[in-house]
Amino acid sequence: MEDEKDKENADGIKGHLVEIGDSLYRPSFYEKYIKRGMDVLLSFGGLVVLSPIMGTIALAIKLEDPGPVLFTQKRLGQNKQYFKLHKFRSMKMSTPHDVPTHMLDNPDQYITKVGKFIRAHSLDELPQIWDIFIGNMSVIGPRPGLWNQDLLTAERDKYSANDVKPGLTGWAQINGRDELEIPDKAKLDGEYVKHLGPKMDTKIFLDSLHVFSNDESVVEGGTREMKKEQYHVSENIIDDILGKRILFFAPAFFGYENKIVKKMEDMGATVDMYDVRSVTSAKDRALLKISPKIFAAKSQEYYESIIEKNKGKDYDYILVVKCDMTPERVLKRFRKEYPNAKLCLYLWDSIDNIPGVLEKFEYFDTLHSFDMEDCKKHPELKFRPLFYADEFCKELSTEDHKYDVSFAGTIHSDRYAVIKEVRKIAAEKGLRSYWFCYLQSKFIYYFYKATKKEFADTKIADFDLKKMGSKEIASIVDQSKIVLDIQHPKQTGLTMRTIEMVGMNKKLITTNSSIKNYDFYNPNNISVVDRKNVQIDDQFLQSTYEPLTDELYKKYSLQSWILEVLS
């Protein structure tokens, strides 16, 4: 409950908690016995194995800023019971106690050099292994909040996230950490409680190993400060979709559809998302390219079930990406069932690759496409290029790169023929390179082997049959000086990878000559090659990246894409 008479709490809110009754949560057998047994085993092993590292950190802390090595704080544990949490001290002895970093004025002045390092790599959390061993915490769980973080506590109560034992790392930790706003953090903690089990704990544990080794989500200065700096966010534009209800259809595309949903929810919208396609297997998708009518009956039934499930909801927007399997009859039903909704279409493929989509234009209020040539042919289409997701927004690096050139993507059309030529050039020039060539299945490989001459001398081990996540791709790109992009021969619109290079400040080799018509084109940063005769200038390979303006970075962000597509 907010109350101006109250003293401002650790979440920056003037208010206090109101008793809301006892929890009905009952821990499972796994949580009470198996999870606790693993906690004891892992924490004991951790104390033994990590003792040399902990000893070294303790000595470094003592030498830089004399005083206690450990720092204790009153934290909220399971069932909102208080306990003392232990950390390595990362801040000077003069730092105010029980105040979150983001509540301090100029927090950098309080952080020691050793503290900055151990915080960046989460080493300051190591003493909590003892808290796990004695039973106050678990290895996996929501991070324990401060005793006076009333808003966080109240938000977690909505999702029963205060009912489980807090953890050293958790679902929110690996999905944003300090830059998450409190409602988002609490919601993620609630997702963990909802799916609590061995599978969820194992996933978080393995993902945490990567996050801890290179964690850029620790932001001294406050929740969401990183977002404001990197994306130049103006708070008033979020109001454009704040509180709006959105029905969203998109094809599964390397998780980008989920990033769009998350960003819309971050901006305050309520989103119901469904696959735009009624079929998802590689074989059915191949048939879909021949004719969507093959699955007309199945698609009609699929969409009818979605409409029934969401009957009576007053949507503000219905956003459809690609629309290759959405029947015209369904678009008519949308008008009837959701009379107040604005229907928005976005094409992230060229019209020639989406049979029947032209006939559907009349049902939409707004039409956008990533393909500049399609927009010229069809004036009703408004041109809007793709976007870069949040993890592809990076500062320009001056450090030496691990790879001179890299490629990560799906093999289709003549892509592999171009890749082979670029690999040959890279080998001749002694360039360090990385290649991730994804194929959807073994069937696709053997089909290409039989039909494409560039596959004649290949073996299946040359390709990857398992998708790479966007975070892994971003990590590879981050370690690369130049990235190779090869668009589909029937496309003139820029691929997602191309736009991501804007956010990552990376040089690009591309087969798409239409890139020269874009506002961010710079021949120093972008080399356009002929896919039939690949040649790369030595000067381009040797020169460094020239940064773009802040306005261009903002324009191609995911948030700007959402606002423009919804108009």
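Modeller: The discussion below moves from a surface patch to aromatic rings and then to a helix.

Modeller: This is a predicted model, in which local features need pLDDT of at least 70, side-chain atom pairs count only at pLDDT 80 or more, and totals for chains, interfaces and linings use all residues. Residues are numbered from 1 along each chain as its sequence is written, and side-chain values use heavy atoms, with hydrogens and water left out.

Biologist: Which residues make the nonpolar surface patch?

Modeller: A patch is built from residues with over 30% relative accessible area and no salt bridge; nonpolar side chains (Val, Leu, Ile, Met, Phe, Trp, Tyr) are joined within 5 Å, and like charges within 9 Å. A salt bridge is a side-chain nitrogen of Lys or Arg within 4 Å of a carboxyl oxygen of Asp or Glu. Areas come from the Shrake-Rupley method with a 1.4 Å probe, and for residues only the protein chains shown count as cover. Here Phe29, Tyr33, Ile34, Met38, Leu41, Leu42, Phe205 and Leu206 form a nonpolar patch of about 830 Å². Two or more residues come from each of helix H1 (29–49) and helix H7 (198–213). H1 gives the most, with 6 residues.

Biologist: How is a helix defined, and how are Phe29 and Tyr33 placed in helix H1?

Modeller: Helices (H or I, at least four residues) and strands (E, at least two) are DSSP runs, numbered from the N terminus. An α-helix has 3.6 residues a turn, so residues three or four places apart point the same way. Phe29 and Tyr33 are 4 residues apart in H1, which means about one helical turn separates them.

Biologist: How are ring pairs read?

Modeller: Rings of Phe, Tyr and Trp (its six-membered ring) pair if their centres lie within 6.5 Å; planes under 30 degrees apart are stacked, over 60 edge-to-face, and the rest tilted. The structure holds 27 aromatic pairs. The rings of Phe29 and Tyr33 have centres 5.0 Å apart and planes at 45 degrees, so this pair is tilted. Elsewhere, ring pairs join Tyr416, Phe443, Tyr445, Tyr446, Phe447, Tyr448, Phe455 and Phe463 into a cluster.

Biologist: Is helix H21 largely enclosed or exposed, and why?

Modeller: Buried means under 20% relative accessible area, exposed over 50%, and partly exposed in between (1.4 Å probe, protein chains only). In H21 (residues 558–565), 7 of the 8 residues are buried, so the helix is largely enclosed by the rest of the structure. Among these buried residues are Trp561 and Ile562. By contrast, Phe29 counts as exposed at 58% relative accessibility.
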